[in-house]
Structures are given as structure tokens and as C-alpha cells.
Amino acid sequence: MSQIVTTDGSHTLFSEQYGVTYHSRYGAVTETAHVYITTGLRYKAVMQREISVLEIGLGTGLIALMTWLEAEKRALVVDYTGVELFPPPLEVIKNLNYPQLLGVPDRAADFCKLHTTRWGRRQAFSEVFSFTKHKVPIESFSAPDSFDLIFFDAFAPQAQPELWTVEVFKNMYESLRPEGILVTYCAQGEFKRSLKKAGFVVERLQGPPGKREMTRASRC
Ligand SMILES: C[S@@+](CC[C@H](N)C(=O)[O-])C[C@H]1O[C@@H](n2cnc3c(N)ncnc32)[C@H](O)[C@@H]1O
């Protein structure tokens, strides 16, 4: 994988294997702020202060770091779980400019902790942010009635169609608690039909820069 600079100055990675970037080329931090923090976390935070989050495709840890910072800013208590089968090497992570770009250069060590902490063990990183990561395939991950919010951030359906199936979304649906939501950058028609088949109620929302739409789906 190689590092590239996106339009807002934040880094992302390019996967040679799948031929896609880890975030939008129009801004990794901007996309994450819009799709996952504003449309997911802040939306949920209106209703509850304690939020259990699942991230599908932990990757660089950008969404996890931004969620941690947001929990501190808004006095939320977040229990965060990430699923990732192919973690980027630590040398690659250390070269990403997220702590600097987010105005928290002093949190570089915390950012690294997301990557160096042991798999499968829950760690309380602070009073407001606990973290667990699982090195398992997305296709087989399920944890019934466990999460209020899912950040579905797999590589795009063209790159990894096996991760965008009705079966996977049934697992996601069952992993949510009642009234839980899933947010993602993807807004493709076939994907939204699969969400509906899995039982979700689907909303089409404005996307981040460079993308007309994104999706929020709810378990009712
Ligand atoms: C779009 S990237 C995630 C970006 C990440 N959310 C971030 O903020 O950096 C998709 C991630 O899914 C991971 N992945 C691909 N196939 C997987 C699988 N079958 N099971 C688990 N993780 C997988 C990739 O290694 C990659 O890190």
C-alpha cells in the first residue's frame, strides 16, 4: 500500500491489491467528519450519551481517532469495536498526518495505541473511550444486539463485492440494537436494495465533497 495526499491535505492509503483508496481523494478527514462523525455519531448522540460503535474495516484508524476526540468534546461514552483482517504496518501508520491535521499532535501516541493494542481484548483508553479490535473476516463477524451504530467502511462494492451481500447486511442488522443505525459513504442502488432485503429502513443523504449521496440505514 502507498500513501497519498487528499484534497484537504490529509493522507490516505492506496491499496494496490484492490486498486482503491482507503478514503475519498477529495479529503480523508473531510469525508470521515461528514459521513461517520456528523451523520452517524452526532445523530446518535442526540438520543443517547453512551454509544456502542462497530467499525467495519478499521484500516488506518482515522474514524476511530476522530470518534475518540468527538467523545471527549461532547462528553459521550463510547465503546468502540473495529474489525480488520489486513492491518496496515505500524511504519505506515506512523507516517499518517492525522493527529497533526486534526490539531492534536500530542495525541500521536494515542493514535498508535489503536494499532499496537492486542487483538480481541477490550481496553479502556480513557474514561470516555474503550476500544476492542478483532482480526476476523467481515463476512463472518456477528455480535447480536451489541451496537448502536455501525460505520460500514469496506472497500467499494466493485472492489470487494463479497462484502456487500444481503447475508453480510443481515449480520449487520442483527448486530445492531433496536433503533441502531448503519452509515456508509456508499449510495449504490444494488447496495441499498440489499440493505432493504436485510430488513433496514434506508435513507439517502447528501454525500461529502466529490460524492452526491451517502446512506444511513436504521433497524426499527
Ligand atoms: C476502506 S478501508 C477502511 C478504511 C478505514 N475505515 C480507515 O479509516 O482507515 C477497508 C478496510 O477493510 C479491510 N478488509 C478488506 N477485506 C476484509 C475482510 N474480508 N475482513 C476484514 N477486513 C477486511 C481492509 O484491509 C481495509 O483496511
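Student: In which sense do strand S10 (residues 201–206) and S11 pair, and over how many bridges?
Tutor: Note that the model is a predicted one. Strands of a sheet pair through backbone hydrogen bonds, in one of two senses, parallel or antiparallel. For S10 and S11 the sense is antiparallel, and the number of bridges is six.

Student: Which residue takes a positive phi in the hairpin of S10 and S11?
Tutor: The hairpin has six residues between its strands. The positive phi there is near 90 degrees, and the residue that takes it is Gly210.

Student: What is the strand order of the open sheet, and which are the edge strands?
Tutor: The sheet has eight strands with mixed pairing, in the order S6-S7-S5-S4-S8-S9-S11-S10. An edge strand here pairs on one side only.

Student: How many residues of S8 are buried?
Tutor: A residue counts as buried if 20 or more other C-beta atoms lie within 10 Å of its own. S8 is mostly covered, and its buried residues number six of six.

Student: Which strands does H2 lie across, and at what angle does H2 run to S5?
Tutor: Helix H2 spans residues 62–74. H2 lies across S4, S5, S7 and S8. Relative to S5, H2 runs at about 175 degrees.

Student: How do H1 and H2 pack, and what is the angle class?
Tutor: H1 (residues 28–45) and H2 have axes 10 Å apart and an angle of about 45 degrees. Because of that angle, H1 counts as oblique to H2.

Student: What is the handedness of the crossing of H1 and H2, and how many residues of each class make the contact?
Tutor: H1 passes H2 in a right-handed crossing. Residues making the contact include Tyr36, Ile37 and Leu41 of H1 and Met66, Glu70 and Arg74 of H2. By class, the contact has nine nonpolar, two polar and two charged residues.

Student: Is Ala75 buried or exposed?
Tutor: Ala75 lies in the loop between H2 and strand S5 (77–83), with a positive phi of about 55 degrees although it is not a glycine. Ala75 has 9 within 10 Å, so Ala75 is exposed.

Student: Where is Asp145, and is Asp145 buried or exposed?
Tutor: Asp145 is in the loop between strand S7 (129–134) and strand S8 (147–152). Asp145 has a positive phi of about 55 degrees and is not a glycine. Asp145 has 11 C-beta neighbours inside 10 Å, so Asp145 counts as exposed.

How values were computed. Residues are numbered from 1 along each chain as its sequence is written. This is a predicted model: local features need pLDDT of at least 70, side-chain atom pairs count only at pLDDT 80 or more; totals for chains, interfaces and linings use all residues. Axes are lines fitted to C-alpha atoms, for helices over the stretch in contact, and angles run from 0 to 180 degrees between N-to-C directions. Helices (H or I, at least four residues) and strands (E, at least two) are DSSP runs, numbered from the N terminus. Angles under 35 degrees count as roughly parallel, over 145 as roughly antiparallel, 65 to 115 as roughly perpendicular and the rest as oblique. A crossing is left-handed if the near helix is turned anticlockwise from the far one by less than a right angle, and right-handed if clockwise. Two residues are in contact if their C-beta atoms, placed from the backbone, lie within 7 Å. Ala, Val, Leu, Ile, Met, Phe, Trp, Tyr, Cys and Pro count as nonpolar, Asp, Glu, Lys and Arg as charged, and the others, Gly among them, as polar. A residue is buried if 20 or more other C-beta atoms lie within 10 Å of its own, exposed if 12 or fewer, and partly exposed in between; C-beta atoms are placed from the backbone. Two strands pair if DSSP finds at least two bridges between them.
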